[in-house]
Amino acid sequence: MRSIWTGSVSFGLINIPIKMFSAVEESSLDMDMLDAKDHANIKFKRVNENTGKEVDYANIVKGYNLDGKYIILEDSDFEAADAIKTKTIDIESFAFEKEIQSIYYEQPYYLEPDKGAMNAYGLLRDALEASGKVGITRFVLRNKESLAILKPYKNVIVLNRIRFEQEIRSTAELKLPPMSKKSTKEMDMAEKLIDQLTEKFDISGFKDEYTAKLLDIIKKKAKGKPQKAAPKLKVVHKQSDDLMEMLKASLENKKKKSS
C-alpha cells in the first residue's frame with residue numbers, strides 16, 4: 001500500500017505522527033471504454049479550450065473564478081488557509097458511535113504510526129477500545145476540509161470521513177407516507193417477520209456475487225458460448241388489502257426454508 005497523506009494525530013498535548021492509507025479497494029471489474037465501430041480505446045485528454053492543444057499535467061494550475069476573472073492558487077495558498085488542519089488530525093471531542101447516523105459516513109482510511117510513535121499510537125487505540133467511544137476530528141485532505149471519526153478496528157486506528165450536515169439533502173421534496181405509531185395487524189406481522197429474519201451480522205458471509213457472475217459471462221462470451229436470457233423481475237404493485245397475505249406468505253416461506 002502507498003500512503004496518501006502524512007501528518008499527525010493530536011490527542012490532548014500528545015502528537016502522534018502517522019501515515020494514511022486507503023482502507024478499501026474496488027471489487028468491480030475494470031471496464032475500458034471502446035469505440036463501437038472498431039473497439040479502439042477511448043482516450044480522454046486535457047485540452048486547452050483556446051488552442052485545442054493537449055496540456056501536460058505539470059503545466060496545469062488551479063484557479064477560482066472570482067467575478068469573471070481567474071485567481072490562480074499555489075500549494076502554499078491552500079496550506080495558508082489553515083496550516084494546522086493540513087498537517088494535523090486534531091481530536092476535538094469524543095462521542096458514542098451510535099449517535100452518528102449511517103448517512104453521514106463516507107470513506108475509511110487506515111492510520112499507521114510513523115517512526116517513534118508506536119507507544120503513543122497504541123495508547124490512543126487501546127483507550128478508544130476501552131472507552132467504547134470514537135474521536136471526532138477535522139482535517140484537510142486534497143484541499144477539502146473533512147469531518148471524521150477515529151475508531152479502533154482490529155489492531156489499527158481507522159479514520160472514517162463523515163459528511164457535514166449541510167451536505168445531506170433535505171427529504172422535504174420527497175413524496176413519503178406519514179409516520180405511524182399505531183399498532184396494526186400488518187405492523188405486528190411485519191415485526192414478526194423482522195424478528196424471524198434477525199441474526200447476528202457476520203460480514204464474512206457476504207460476497208460480491210454480481211462481479212463473479214459478470215466475469216463468468218465474460219469468459220463464456222470469449223469462448224463463444226451463448227448467454228441465457230436474463231430472468232424478468234416481478235414487480236408487485238398491490239396495496240394494503242394484500243399486505244397481510246404477502247406477510248403471511250413471507251413468514252411461511254421462511255419456516256419452510258428453516259425446516
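This is a predicted model: local features need pLDDT of at least 70, side-chain atom pairs count only at pLDDT 80 or more; totals for chains, interfaces and linings use all residues.
**Entry 1: the nonpolar patch**

I began with the surface and found a nonpolar patch of about 370 Å², made by Tyr 64, Leu 66, Ile 71 and Leu 73. I then asked which elements give two or more residues to the patch, and they are β3 (62-66) and β4 (69-73).

Leu 73 sits in strand β4. Its relative accessibility is 32%, so I put Leu 73 down as partly exposed.

The loop between β3 and β4 holds Asp 67. I checked its backbone and got a phi near 55°, a positive value in a residue other than glycine. Is Asp 67 buried or exposed? I logged Asp 67 as exposed because its relative accessibility is 77%, and the cut-off for exposed is over 50%.

**Entry 2: the loop between β2 and β3**

Next I went to the loop between β2 (14-22) and β3, where I found Ala 40. His 39 lies in the loop between β2 and β3 too.

His 39 is not a glycine, yet I read a positive phi of about 60° for it. With a relative accessible area of 58%, His 39 is exposed. Ala 40 comes out as partly exposed, at 32% relative accessible area.

**Entry 3: the largest pocket**

I turned to empty space. In general, I can see where such space is left by rolling a probe the size of a water molecule over the atoms.

The largest pocket has about 640 Å³ of space in it. I counted 18 residues in its lining, and those nearest its centre are Lys 62, Asp 75, Phe 78, Arg 142 and Asn 143.

Which elements each supply at least two residues of this lining? I noted β1 (5-11), α1 (75-81) and β7 (133-141). Of the elements, α1 gives the most to the lining of the largest pocket, with three residues.

I sorted the lining of the largest pocket by class as well: nine residues are nonpolar, three are polar and six are charged.

**Entry 4: the second largest pocket**

For the second largest pocket I have a volume of about 400 Å³. Its lining is made of 16 residues, and Ala 23, Val 24, Pro 108, Tyr 110 and Tyr 153 are the closest to its centre.

At least two lining residues of the second largest pocket come from each of β6 (105-113), β8 (144-153) and β9 (156-162). How do the residues of this lining divide by class? I got nine nonpolar, two polar and five charged.

**Entry 5: salt bridges**

I counted six salt bridges in the structure and wrote up some of them.

The side chains of Arg 138 and Glu 92 form one of these, at 3.0 Å from N to O. Arg 138 is partly exposed, with 29% relative accessibility. Glu 92 is partly exposed, with 42% relative accessibility.

Another salt bridge joins the side chains of Asp 126 and Arg 125, again with 3.0 Å from N to O. I have Asp 126 as partly exposed, its relative accessible area being 44%.

I then moved to helix α4 (residues 209-222), which holds both Asp 216 and Lys 220. These two are four residues apart, about one turn of the helix. Their side chains meet in a salt bridge of 3.3 Å, N to O. Asp 216 has a relative accessibility of 36%, so I count it as partly exposed. Lys 220 is partly exposed, with a relative accessible area of 33%.

How values were computed: Residues are numbered from 1 along each chain as its sequence is written. Side-chain values use heavy atoms; hydrogens and water are left out. Patches are made of residues with over 30% relative accessible area and no salt bridge: like charges are joined within 9 Å, nonpolar side chains (Val, Leu, Ile, Met, Phe, Trp, Tyr) within 5 Å. Accessible areas come from the Shrake-Rupley method with a 1.4 Å probe; for residues, only the protein chains shown count as cover. A salt bridge is a side-chain nitrogen of Lys or Arg within 4 Å of a carboxyl oxygen of Asp or Glu. Buried means under 20% relative accessible area, exposed over 50%, partly exposed in between (1.4 Å probe, protein chains only). On a 1 Å grid over the protein atoms alone, a cavity is a set of points where a 1.4 Å probe fits but cannot get out, and a pocket is an open set with protein on both sides within 12 Å along at least five of seven lines; lining residues have an atom within 4 Å of a point. Grid points are joined across faces, edges and corners, and a volume is the space filled by probe spheres set on the points. Ala, Val, Leu, Ile, Met, Phe, Trp, Tyr, Cys and Pro count as nonpolar, Asp, Glu, Lys and Arg as charged, and the others, Gly among them, as polar.
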